[in-house]
Amino acid sequence: NNKTYAWSDELGWIDFSQAKIVTPTTLKLCPSSCTSTSTPISNGSTVSINPGDTINYQACWNTSSGCDTSGDVTLSSSWQETNLPQDAAQWAGNPAPATPQTLTANTVTVSSTEGMSVSYEGQTINLTVAVTPTVSCYECNTTTFNCDGPSTFTGISCATLGKYDGTPAGL
């Protein structure tokens with residue numbers, strides 16, 4: 001029986017042979033699944049997504065710091081969205097979630113954000129979803145007027161990107 005002791009001026013001799021370090025159970029928001037081995041979404045993070053795209057998440061409740069073990073509490077968690085400042089995205093199945101829970105970016109015409117969250121057992125992960133519209137534009141050589149495309153670009157209009165939108169008005 002190995003006993004480990006330490007001296008404390010306040011407490012005297014302390015026996016550490018029965019000491020335990022208890023890792024707290026915490027809420028994590030994991031892309032795809034609780035066992036995806038990916039990095040969980042941190043509280044206060046911004047998730048960028050294109051209009052119409054989706055990302056699947058699971059709410060996980062365990063002692064791990066990553067997305068590497070079981071503990072799916074997706075169906076028992078509260079999934080909230082503010083629709084503010086813009087209605088940029090939505091949780092599928094809100095208020096009755098599915099597992100995994102799907103985040104869908106709404107169609108937007110200007111860059112938009114929305115505050116969203118997931119809560120379980122008094123812990124909350126807040127995130128901001130940023131949705132940037134995409135446009136289909138042509139890239140044209142201003143000397144030869146030869147155009148390539150159309151190609152998809154991230155932005156609110158072809159004109160703001162210095163691209164041709166295919167209309168007779170040009171840029």
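Figure 1. The side chain of Thr74 reaches the backbone nitrogen of Ala59 at 2.9 Å. A second polar contact, of 2.5 Å, joins the side chains of Thr74 and Asp72; a polar contact is a pair of N or O atoms within 3.5 Å, where within protein one must be able to donate a hydrogen and the other to accept it, and residues adjacent in sequence count only if both atoms are side-chain atoms. This is a predicted model, in which local features need pLDDT of at least 70 and side-chain atom pairs count only at pLDDT 80 or more, whereas totals for chains, interfaces and linings use all residues. Residues are numbered from 1 along each chain as its sequence is written, and side-chain values use heavy atoms, with hydrogens and water left out. Thr74 is found in the loop between β5 and β6; helices (H or I, at least four residues) and strands (E, at least two) are DSSP runs, numbered from the N terminus. With 0% relative accessibility, Thr74 counts as buried, a term that means under 20% relative accessible area, against over 50% for exposed and in between for partly exposed (1.4 Å probe, protein chains only). Leaving aside residues up to four places away in sequence, Thr74 touches Gln58, Ala59, Trp79, Pro97, Ala98, Thr99 and Gln101, where contact means heavy atoms within 4.5 Å.

**Figure 2. Aromatic pairs.** Rings of Phe, Tyr and Trp (its six-membered ring) pair if their centres lie within 6.5 Å; planes under 30 degrees apart count as stacked, over 60 as edge-to-face and the rest as tilted. This rule gives 4 aromatic pairs. The ring centres of Trp7 and Trp13 are 5.4 Å apart and their planes stand at 65 degrees, so this pair is edge-to-face. Both Trp7 and Trp13 are exposed. The rings of Trp79 and Trp91, with centres 4.7 Å apart and planes at 70 degrees, are therefore also an edge-to-face pair. This pair links distant parts of the chain, with Trp79 in strand β6 (residues 78-85) and Trp91 in strand β7 (residues 89-91), 12 residues apart. Trp79 is buried at 2% relative accessibility, and Trp91 is buried at 3%. Together with Tyr57, Trp79 and Trp91 form one aromatic cluster.

Figure 3. Thr102 lies in strand β8 (residues 101-105) and is buried, at 18% relative accessibility. The side chains of Thr102 and Asn56 are joined by a polar contact of 2.7 Å. Not counting residues up to four places away in sequence, Thr102 touches Thr54, Ile55, Asn56, Gln90, Trp91 and Ala92.

**Figure 4. The salt bridge between Glu139 and Lys163.** A salt bridge is a side-chain nitrogen of Lys or Arg within 4 Å of a carboxyl oxygen of Asp or Glu, and the count comes to 1. The side chains of Glu139 and Lys163 form this bridge at 2.9 Å, N to O. Because Glu139 lies in strand β11 (residues 134-140) and Lys163 in the segment after β12 (147-154), the pair ties together parts that are 24 residues apart in sequence. Glu139 is partly exposed, with a relative accessible area of 39%, whereas Lys163 is buried at 17% relative accessibility.
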